[in-house]
Amino acid sequence: MALGDAILACLTEHPMTGYELAKTFDSSIGFFWKTDHQQIYRELSRLRDRGYIQGREVVQTGKPNKLVYTLTPEGRAAFRSWAARPSTPASVKDDLLVRLYALGAADIAPIRADLMARLEHHRDRAERYDRILKKHYADGSVAPADMGKLLNLRLGLRHERMVAEWCEEAITALSAISNSGSVRPLDPPSRETAG
């Protein structure tokens with residue numbers, strides 16, 4: 001998937017300014033498709049050049065004018081074509097997992113601290129997803145157009161809870177290793193400190 005596809009997906013809901021698109025990414029799509037605001041504005045320019053969106057200037061008093069972006073028929077067709085293609089499963093690139101792979105050659109304390117920070121991060125995200133679910137989908141009913149959003153939130157919540165549980169497991173395992181001393185240090189202690 002490209003950023004342009006994600007922007008087209010947002011614009012299927014309703015016309016938006018670049019600022020509104022950035023806020024939408026921050027509060028929803030950004031949970032599973034990371035980008036920064038500058039990338040969004042650059043991509044909006046590309047989508048306009050391809051004829052997928054059009055910008056309409058809205059004159060405002062007391063503040064700068066704004067551009068409101070709308071899907072064109074070509075943009076809607078491009079989105080539908082992209083949405084009909086098979087997806088590609090995401091690949092995992094995580095430096096923490098590489099460190100764990102080579103745990104026998106690493107210091108456990110910083111990895112354990114990293115895991116503790118990750119645990120808090122995933123707990124926080126799980127709580128955020130849970131709040132959103134309770135706020136928007138308390139009774140579990142949803143309009144057909146919003147079913148994908150509900151399913152994404154449920155997946156996000158399950159994922160964050162599962163990763164938090166795994167972090168707890170990893171922290172416990174590393175604590176047990178640290179206490180037993182069964183991981184050999186990379187550099188043996190010098191004679192002065194050994195004895």
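R99 pairs with D95 in a salt bridge, with 2.8 Å between the closest N and O atoms (a side-chain nitrogen of Lys or Arg within 4 Å of a carboxyl oxygen of Asp or Glu). This is a predicted model, where local features need pLDDT of at least 70 and side-chain atom pairs pLDDT 80 or more, while totals for chains, interfaces and linings use all residues. Residues are numbered from 1 along each chain as its sequence is written, and side-chain values use heavy atoms, leaving out hydrogens and water.

R99 and D95 sit 4 residues apart in helix α5 (residues 95-101), so about one helical turn separates them. Helices here are DSSP runs of H or I with at least four residues, and strands are runs of E with at least two, numbered from the N terminus. R99 is partly exposed at 35% relative accessible area, and D95 is too, at 46% (buried is under 20%, exposed over 50%, partly exposed in between, with a 1.4 Å probe and protein chains only). Both residues belong to a salt-bridge network that also links D94, D114 and R118.

## From α6 to α7

E120 and R123 meet in a salt bridge of 3.1 Å, N to O. R123 also bridges to E168, at 2.7 Å between the closest N and O atoms. R123 lies in α6 and E168 in α7 (residues 147-180), so this pair ties together parts 45 residues apart in sequence.

## The sheet

Three strands form an open antiparallel sheet in the order β1-β3-β2 (strands pair if DSSP finds at least two bridges between them). β1 (16-17) and β2 (53-58) are the edges, each with a single partner, so one side of each lacks a neighbour in the sheet. Between β2 and β3 (residues 66-71) there are 6 bridges.
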